[in-house]
Amino acid sequence: MSEPVISIRNLVKCYGKIRALDGFDLDIPSGPVGLLGPNGSGKTTLLKLLLGLLVPTEGEATVLGFRPTQRRDRLSVRTVVGYMPEGDCILPGMSAIELVSTLARITGLRTEDAMTRAHEVLDYVQLDEERYRPTDGYSTGMKQRLKLAQALAHDPQLLLLDEPTNGLDPKGRRQMLDLVEDLGRTQGKNILLCSHLLQDVERTCDHVVVLNEGGVVEQGKVSELTAAKGALLLVEVEGESARFIEQLQAAGLQTSEGTEGGLRIQWPDADPDADRVFELAQQAGVAITQLRQQRSSLEDVFLRAVGVVPHATSDTDASPSHGDSDDLLGKQP
Amino acid sequence: MRASTHTEIYRPFTGTLREHPRRWVTIGVSSAKQGFKRKLPALLLFTPVAIGCVIACFRVYFRFQLLSGDLVNINSPGAAGITLMVTETLGDVVSNIFTYTQGMAFFSLMIVAWYGAGLIAEDRRLGANLLYFSRPISRLDYLLGKGAGAAFFGFLALTLPCLLVCSVATFTSPEWSFIVEEWASILKVILFSSIWVGTVTVLVLTISSLVGRKSHALIGIIGAIVLSSGVSTVLAHLFNENSFSLLNLFQNFERLGEWMFDRWNPDRKVTITQTAAALGGLWTLCLFILAVRVRKMEVVA
Amino acid sequence: MKPIIKATGLGRWYGEVIGLNDLNVEILPGITGLVGPNGAGKSTFMKLLVGEMRPSSGSLEVLGHTPFANQELYRQLGFCPQQDALYDHMTGLQFVTHCMRLANLNHTDAKAMATRALQRVHLENAMNRPVSGYSKGMRQRTKLAQAFAHTPKLIIADEPLTGLDPVARHQVLDLYRELGDSGTSLIISSHVLHEVQSLTPRIVLIHRGRLLAQGPVEDVRQLLSRHPRKVHLRAREPRALARALLELPHVHSATLEEATGDLHIETRDIRAFHSDLPALASRTRSGIESLESSDASLDAVFDYLVG
C-alpha cells in the first residue's frame with residue numbers, strides 16, 4: 001500500500017473528563033474512505049483535529065505531510081484539505097459564485113484564478129444559472145452541491161465530507177453520490193466521508209474506518225469486510241418451492257428459510273455450484289428470481305463493530321435470529 | 001491544428017497559491033462589498049453625512065473667500081467689521097471639522113452599526129464560520145477582515161468628509177497657507193476620526209458576536225448607547241458627580257476632541273487621563289469578548 | 001379490508017402556491033411509505049391527515065373521521081412532525097408527559113405512559129435531563145415516543161429518521177416494524193428509499209402535489225412497461241451465457257461489462273425470463289454465480305417515475 005494520506009499516532013482529545021478520542025493509531029490509505037461511527041463516537045472531533053481547529057490533548061496526526069496538531073502547520077494544512085461541513089452554511093448575502101471565489105481567494109488563489117476556478121467547480125457540481133443568484137433561496141440540494149463546490153475551490157488533495165447527503169431527496173442524493181463517486185474513483189481524490197447512510201458509503205468508498213467511543217473498532221476494505229463468508233447461496237423462488245426444497249434436500253443440500261421469503265442453501269464445500277441449483281429448479285418447475293452468495297452488508301459490519309447484533313429483517317440477509325428486537329420490545333406494556 | 005477533445009468534467013487547478021496572501025483584506029473587501037448591495041439604506045444613512053459635509057465645506061470656503069477679500073471690499077470701513085463678525089461666526093477650519101465630527105458622531109455610529117451589526121452575527125446564524133475557518137485563516141485575520149469591512153463605512157462617514165473639508169481649505173486658503181501652517185491638524189483629524197471609527201467598530205463587532213441576528217445586534221447597539229448615555233446623565237445629575245459621564249461614549253469622544261484640538265473646556269471635572277482610561281477599558285473589554293467569541297466560532301467549525 | 005385513509009379530490013393551496021392538488025388515494029391498515037421529492041406535498045398531506053390544516057378542496061377521511069379540529073380523532077392519532085417541535089426547558093419525560101396530558105389523561109397515567117414510551121426508544125437514562133442537552137437523534141426519538149405513547153391506532157411520522165446514526169436508525173426501524181406487527185398503522189415519509197422498502201412494500205408516491213403511484217412496489221414496477229426489466233448476471237462464461245440468452249424471444253439486449261465480467265440483460269417479460277432461465281442455465285452450464293434484478297427496487301421505481 002502506498003504512503004497513508006492520514007496517519008494518526010496515539011491521538012487523545014479530552015473535553016474536561018470526557019475522552020472524545022481515546023488514544024488510537026490509525027493509517028488512512030489513499031482513495032475514498034468512509035469514516036463511520038454512531039453519534040458521539042468522535043468523528044467530528046477527529047475531523048476538527050485534522051483541520052487544525054482543535055488542539056489535541058496528546059498525540060500526533062499527519063495529513064499529507066502536514067501536522068495539523070502542531071502550531072506551525074495548523075493553518076497551512078488547510079491549503080491541501082477541502083472541508084464540506086455538515087450543517088447548512090453560506091456566506092451571508094453572497095451568490096454562489098461570490099462565495100466560492102471569495103473562499104478560494106482567502107485560501108490564497110489570485111483573484112483571476114479564483115474566478116476561473118469558481119466557475120469550473122460550479123460547472124462540475126452543475127449549478128448553472130443559479131450561481132448568480134443569492135444563496136439564501138437555494139434548495140437543500142443546491143446548498144449541498146454548493147458546499148461541495150467550495151470544498152473543491154482550491155483543488156485540495158484531501159476532501160473531508162461530513163454527511164454530504166443529509167436532508168437530500170432521492171434525486172439530490174443520487175446527484176451528490178455520483179459526484180462523490182466520481183471524485184474518489186475517477187478524479188483520484190482522497191476522500192474521508194462521514195455518513196449515517198451506510199449504503200452511501202458502500203457505494204462510494206473503497207475502505208472504511210469505524211469509530212466507537214473514541215477508538216477504532218473496525219477498519220478495512222469494504223470488499224473484504226463484506227465478503228461472502230462460507231458457501232451460502234441465497235435464492236428467491238417463484239412457484240412450487242416445496243418441491244424444489246425436497247429436491248435440494250434429496251441432492252444432499254441443507255436448506256433453511258431466509259428472511260423475506262428467500263431460501264438459503266448451504267453448500268458442503270466452499271465453492272457453490274449454482275448450475276446445479278438451476279438444474280434442480282428446472283426439474284421442480286420453479287422459476288428463480290434471485291440468486292447470490294451471501295455477503296454481509298456494511299450495516300451488518302458496522303452494527304457488529306459497535307456491539308449491536310444486526311437485526312435479521314434488514315434489507316440484507318444476515319443471520320435469521322430475531323433476538324435483538326426483544327431488546328426494544330421487552331418493555332412493551 | 002491538431003485535433004483534441006476537452007471533455008474532462010473536473011479540471012485540476014494548475015496554478016500556485018500566493019506566497020503571502022493578505023487574507024484579512026479579502027474578508028474586508030468582501031464584507032464591504034456586501035454593504036454596497038442595498039441602495040436605500042445607504043442613501044438614507046449617508047444623506048445627513050453629505051449635507052453636513054457640504055455645509056462644513058461651504059463655511060470653510062466662505063471664510064477663506066471673505067478673508068482674502070474677494071467677496072467684499074475689505075478696505076471699505078463698514079465691511080471690515082462685518083467681515084470680522086462673519087468670519088468669527090463661520091469659525092476656522094479646525095473648529096468646523098470639530099463641529100462636524102461632533103455632529104456626525106451619532107450618524108457615523110449608526111452607519112457602522114448598520115453595516116457592521118450583521119458581520120459576525122449573520123456569519124454565526126448562517127454557519128459562515130464553518131466555511132471561513134476551514135480555510136487557512138487565523139482568528140486575527142478574521143477579526144481584522146470583519147473590522148476593516150465595518151470600519152470602511154465609518155471611514156466614509158467621518159474621516160473622508162473631514163479630509164474633504166481639509167482639501168477645500170487647502171485649495172481656498174491664500175497661498176496654500178492652510179496646508180503649510182496647519183498640516184499637523186490634518187494628521188490630528190485623521191487620528192481623531194480613526195479613534196472614533198475604531199472604537200465604534202470594535203463595539204459594534206463585539207455586540208454582533210454576542211447575538212445571532214443582525215436585527216438583534218442593531219437593537220443591542222442602540223440599547224447599549226441609549227442605556228449608557230441615559231444612565232450616565234441621570235447618575236451625574238443625581239449625585240452631582242461628573243465622573244459618571246465617563247460612561248457616556250459620546251461625551252468621552254467630545255472630550256478627546258477638545259483635548260486634541262486644544263479647546264479643552266476648563267469647566268470639565270473629568271480629566272483627559274480618565275477619559276483615555278475609559279476608552280481604553282472599553283477597548284480591552286470588547287477585544288477580550290471578541291477573542292473569546294471568535295475562538296468559539298473556530299472550534300465549533 | 002376497509003381503508004383507514006380516504007382522500008377524494010384533496011387539494012390544499014398556500015395562497016398561490018400549490019401544496020397538494022386533486023389527490024385521490026385510499027390507504028389500507030399496516031405500514032405505508034410516503035415518498036416523493038422535496039416540495040412534492042408530503043408534509044402538506046401529513047398535516048392534513050392530522051388535522052393541523054383544513055383542506056382547500058376535496059374531502060378527507062381518517063379512521064372514519066374528518067380530521068380538521070377533531071378531538072375524537074386526535075386520541076387515535078400519533079404525529080411525529082419533521083420540525084424540531086420540542087420545549088427545550090423541559091426534560092424528555094416532562095415533555096412527553098405534557099403531550100399526554102394534552103390528550104386529557106390524568107397526571108399519573110400520563111407519566112406512566114410517557115415513561116414506557118421513552119424506555120422503548122432507549123431514552124430511559126436521559127429522560128430526566130432537559131431536552132436542550134439532547135443530540136439530534138435523541139430529539140428524534142423523543143418526538144417518536146410522544147407519537148406512540150398513547151397507543152394510537154395510526155401513527156404519522158414525517159421524516160423520522162433524519163439525523164439519526166446507523167444504530168439509532170436500526171433501532172427506530174425495528175420499533176416501527178414492531179408497532180406495525182402489533183397492529184398499529186403507520187404512515188412514514190422518508191427520502192431514504194431502501195429503508196422504506198425494508199419496512200414495507202406498500203408506497204404512496206407523490207410528485208408536484210399529485211399522486212404519481214400507489215401500491216406494492218413490485219406491482220407498480222409491473223405497470224411501467226415502457227422500461228424493460230434489467231437483470232444482472234455474473235457467470236464463469238458470460239459470453240456463452242449471453243449468446244444463449246439472446247436466443248430467448250423476450251430478451252432484447254445483452255451487454256457485457258468487460259472490466260467486471262458482469263452481464264446486463266434487458267427483457268420485456270421478466271416472468272418468462274425467470275421461468276426460462278433454469279432450463280437454459282442447466283443446458284449451457286456457464287457457471288452462473290449471481291442473478292439479480294435491481295430495477296424493481298423502490299429506488300429504481302422512483303427514478304423511473306420522477307426522473
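Trainee: Okay, I've got the predicted model open. With several chains on screen, which pair has the most contacts?

Mentor: Start with who touches whom. Here 2 pairs of chains touch, and the most contacts are between chains A and C. Chain B and chain C do not touch, and their nearest C-alpha atoms sit 15 Å apart.

Trainee: How many residues of chain A and of chain C are in contact with each other?

Mentor: For any interface, count each side, then ask which elements supply it. In this one, 44 residues of chain A meet 42 residues of chain C. On the chain A side, the elements giving two or more residues are α5 (170-186), α6 (198-204), α9 (274-284), β13 (287-293), α10 (298-305) and α11 (323-329). The largest share comes from β13(A), with 7 residues.

Trainee: And what kinds of residues make up that side of chain A?

Mentor: The side of chain A that touches chain C splits into 18 nonpolar, 16 polar and 10 charged residues.

Trainee: Now the other interface. How many residues do chain B and chain A put into their contact?

Mentor: Chain B gives 32 residues and chain A gives 32 residues. From chain B, two or more residues come from each of α1 (23-36), α4 (93-125), α5 (128-132) and α10 (272-300). Of these, α1(B) gives the most, with 5 residues. By class, the chain B side holds 16 nonpolar, 8 polar and 8 charged residues.

Trainee: Let's stay in chain B and look at helices. At what angle do α6(B) and α7(B) cross?

Mentor: For a helix pair, read off the approach of the axes, then the angle, then the handedness. Helix α6 (residues 139-172) and helix α7 (residues 177-210) of chain B have axes that come within 9 Å, and they cross at roughly 160°. Angles over 145 degrees count as roughly antiparallel, so α6(B) is roughly antiparallel to α7(B). Their crossing is right-handed. The contact between α6(B) and α7(B) involves 17 nonpolar, 8 polar and 1 charged residues.

Trainee: Then there's α10(B). Is the crossing of α7(B) with α10(B) left-handed or right-handed?

Mentor: That crossing is left-handed. The axes of α7(B) and α10(B) come within 9 Å and cross at roughly 35°. If you want to select the residues, α7(B) contributes B:T199, B:V202, B:L203, B:L205, B:T206, B:S209 and B:L210. On α10(B), the partners include B:L279, B:W283, B:C286, B:R293 and B:V294. Sorted by class, the α7(B) and α10(B) contact has 12 nonpolar, 3 polar and 1 charged residues.

Trainee: Moving to chain C, how many helices and strands are there?

Mentor: When sizing up a chain, look at its elements, its extent and its burial. Chain C has 11 helices and 13 strands. Its C-alpha atoms fill a box of roughly 75 × 45 × 35 Å along the principal axes. Of the 307 residues of chain C, 49% count as buried. For contacts in chain C with a separation of 6 or more, 67% come from residues 24 or more positions apart.

Trainee: Which domains does the assignment give for chain C?

Mentor: Domain 1 (5-221) and domain 2 (224-306). Between their centres, taken over C-alpha atoms, there are 39 Å. At their contact, 15 residues of domain 1 of chain C meet 9 residues of domain 2. The domain 1 side draws at least two residues from each of α7 (193-199), β8 (202-207), β9 (210-216) and α8 (217-223) of chain C. That side divides into 10 nonpolar, 3 polar and 2 charged residues.

Trainee: What does the domain assignment look like for chain A?

Mentor: Chain A has domain 1 (6-225) and domain 2 (232-293). Their centres, over C-alpha atoms, are 45 Å apart.

Trainee: Last one, a single residue. Why does A:S241 count as partly exposed?

Mentor: Count the C-beta neighbours. A:S241 has 18 of them inside 10 Å, so it counts as partly exposed; being buried takes 20 or more. A:S241 lies in helix α8 (residues 241-250) of chain A. Leaving out residues up to four places away in sequence, A:S241 touches A:L263 and A:V286. As for A:Q266, 25 residues from A:S241 along the chain, the two C-alpha atoms are separated by 16 Å.

Technical notes. Residues are numbered from 1 along each chain as its sequence is written. Chains are lettered from A and ligands numbered from 1 in the order in which they are written. This is a predicted model: local features need pLDDT of at least 70, side-chain atom pairs count only at pLDDT 80 or more; totals for chains, interfaces and linings use all residues. Axes are lines fitted to C-alpha atoms, for helices over the stretch in contact, and angles run from 0 to 180 degrees between N-to-C directions. Helices (H or I, at least four residues) and strands (E, at least two) are DSSP runs, numbered from the N terminus. Angles under 35 degrees count as roughly parallel, over 145 as roughly antiparallel, 65 to 115 as roughly perpendicular and the rest as oblique. A crossing is left-handed if the near helix is turned anticlockwise from the far one by less than a right angle, and right-handed if clockwise. Ala, Val, Leu, Ile, Met, Phe, Trp, Tyr, Cys and Pro count as nonpolar, Asp, Glu, Lys and Arg as charged, and the others, Gly among them, as polar. Two residues are in contact if their C-beta atoms, placed from the backbone, lie within 7 Å. Domain bounds come from an automatic or database domain assignment. A residue is buried if 20 or more other C-beta atoms lie within 10 Å of its own, exposed if 12 or fewer, and partly exposed in between; C-beta atoms are placed from the backbone.
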